[in-house]
Amino acid sequence: DILKEKLIEHLLVVNQNGDLVGIISDRDIKQSWASPATTLSSHELNYILSRLTAGMIMIKKIITIPPDTTIERAAHIMQENRISALPVIQDGKLVGIITTTDVMGVLLEAIGIDRGESTRFVVLVDRDRIGFVAEMTHILKDHEITIRSIVSWPDRDHEKLHHLVMRVPERDGEKAIAVLREGGFKVLTGYEPDLTPYLPASSA
């Protein structure tokens, strides 16, 4: 009832001193429900459920993090351990919780997707090319184009290639793409199944 009322997916279980002793997810509760194939009567099922407590179904082996953990590190811990929530502990006391929903919210904010209308494009760059970010920002600055966000990640198929995802105000989108291409950068405006024709010379 609490999960449904608060629109959340996890409950942290504490003892009388407020110490964290377990965590319960919506999935844990559903897995504790009786199978539709059970031969127990409705009365018997209700009796059993009335005796079932949080302590009986909670996960006791809990991975926690301190408040100064970076959001990137928290995301890595959740992915590595295939969990969707991390209780936050400071000086032995429970002070909060981070979930995959929180991480996704930070990611969306970081890439600027919630900051009004914008144009998204990808610049393909060689990771060993020194100063490429400075070169691009100078080009955009000279044309009075604001950068709303920049996110970079490595390409899985080309070892030295990085995707630099940029967002600029929608009114400056076409201009930004044009001036960067004029400056010698490989700019993509949509999905390309084969990047070979667009690879920087040093990454080809």
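**View 1. Salt bridges in the predicted model.** The model holds six salt bridges, a salt bridge being a side-chain nitrogen of Lys or Arg within 4 Å of a carboxyl oxygen of Asp or Glu. Side chains of opposite charge can pair when their charged atoms come close. This is a predicted model, in which local features need pLDDT of at least 70 and side-chain atom pairs count only at pLDDT 80 or more, while totals for chains, interfaces and linings use all residues. Residues are numbered from 1 along each chain as its sequence is written, and side-chain values use heavy atoms, with hydrogens and water left out.

**View 2. The salt bridge between R127 and D128.** The closest N and O atoms of R127 and D128 are 3.8 Å apart. R127 is partly exposed at 43% relative accessibility, and D128 is partly exposed at 47% (buried means under 20% relative accessible area, exposed over 50%, partly exposed in between, with a 1.4 Å probe and protein chains only).

**View 3. The salt bridge between E159 and R127.** Here the closest N and O atoms are 3.8 Å apart. E159 lies in the loop between β6 (149–154) and β7 (161–169) and R127 in the loop between β5 (118–126) and α7 (132–142), so the pair ties together parts that are 32 residues apart in sequence. Helices (H or I, at least four residues) and strands (E, at least two) are DSSP runs, numbered from the N terminus. E159 is exposed, at 63% relative accessible area.

**View 4. The salt bridge between K160 and D128.** The N to O distance is 3.8 Å. K160 is partly exposed, at 39% relative accessibility. Through shared partners, salt bridges join R127, D128, E159 and K160 into one network.
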